[in-house]
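Subject: Handing over a structure, with notes on what was found

Dear colleague,

Please find the structure below, followed by my notes on it.

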Amino acid sequence: AAATVADCEAKLSAAKESRQQAQDELKARSAELKATLKEKSEAAAVEAKIQATIAEVEATRALVMTSDPQTTGFKKIVAKIVSQLKAAGGEEGLVACAASALEAKERTSFDWTAVNYITKQFDTYHTSKKQELADQQALIAKIDESLVPHKQAADKLTAAKEVESAAQEALRAGEKAVKDAKAAKGAVEADFMEAEVMCASCMEARAE
């Protein structure tokens, strides 16, 4: 039991050292981890903004294709389309004639040409935003890769703590075994002494 306790103490000491090393490693990475998480948060915000823009472009393009002057609130719809067209980088001339082309009750060939250019502008902008989204997602994936060592360091510390806890439990069990062994030894010695006394009494009784 004493040998077991010594072994447990050695293992606990090694486990504590490993845990401390893992803890120091994680602490050393803390500043880098904080900066990386901030970078990811900012990248995710940009990604969400791009996704919102793509959704807005798709919805606005659909309005160009489906709305007509009889649609309720058509002037507001046209205003929205023109605003989005500006945001999509539409040429000044196209933006200038967009409202009249869209609102025309009897569209001329010029009006239809303008409407077609509007949809093409939205398609081009949509494609560019899709590429921008793909690039942003690739950036986020790269940031996630850079977080792997931080996760491994955290996992290493967790594992080291578990090993240390198990070593402490084993040491407690070993110390209890030593204590029980000593108690058992004491009980045996007490029984032996009692037997010696009884034996001496028997010898005295015979002598008498």
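The expected span of a helix is 1.5 Å times one less than its number of residues, and helices themselves (H or I, at least four residues), like strands (E, at least two), are DSSP runs numbered from the N terminus. Before that rule is applied, please note that this is a predicted model, in which local features need pLDDT of at least 70 and side-chain atom pairs count only at pLDDT 80 or more, while totals for chains, interfaces and linings use all residues. Residues are numbered from 1 along each chain as its sequence is written, and side-chain values use heavy atoms, with hydrogens and water left out.

The protein has four helices and zero strands, so that, read from the N terminus, its elements run α-α-α-α. Of its 208 residues, 27% are buried, where buried means under 20% relative accessible area, exposed over 50%, and partly exposed in between (1.4 Å probe, protein chains only).

In α2 the buried residues are Phe-74, Ile-77, Val-78, Ile-81, Val-82, Gln-84 and Leu-85. Seen down the axis of α2, these buried residues fall within an arc of 165 degrees, so they line one face of the helix; the arc is that of the directions from the helix axis to the C-beta atoms. On the other side of α2, Lys-75, Lys-76 and Lys-86 are exposed. After α2 comes Gly-89, whose phi is positive, near 85 degrees.

Gln-121, which lies in helix α4, has a relative accessible area of 18% and is therefore buried. Leaving aside neighbours within four places in sequence, Gln-121 is in contact with Leu-85, Ala-88, Gly-89, Gly-90 and Leu-94, contact meaning heavy atoms within 4.5 Å. A polar atom of the Gln-121 side chain lies 2.7 Å from the backbone oxygen of Ala-88.

Glu-164 also has its place in helix α4 (residues 109-207), and because its relative accessibility is 9%, Glu-164 counts as buried. With neighbours within four places in sequence again left aside, Glu-164 is in contact with Leu-12, Ala-15, Lys-16 and Arg-19.

Definitions and conventions
A polar contact is a pair of N or O atoms within 3.5 Å; within protein, one must be able to donate a hydrogen and the other to accept it, and residues adjacent in sequence count only if both atoms are side-chain atoms.
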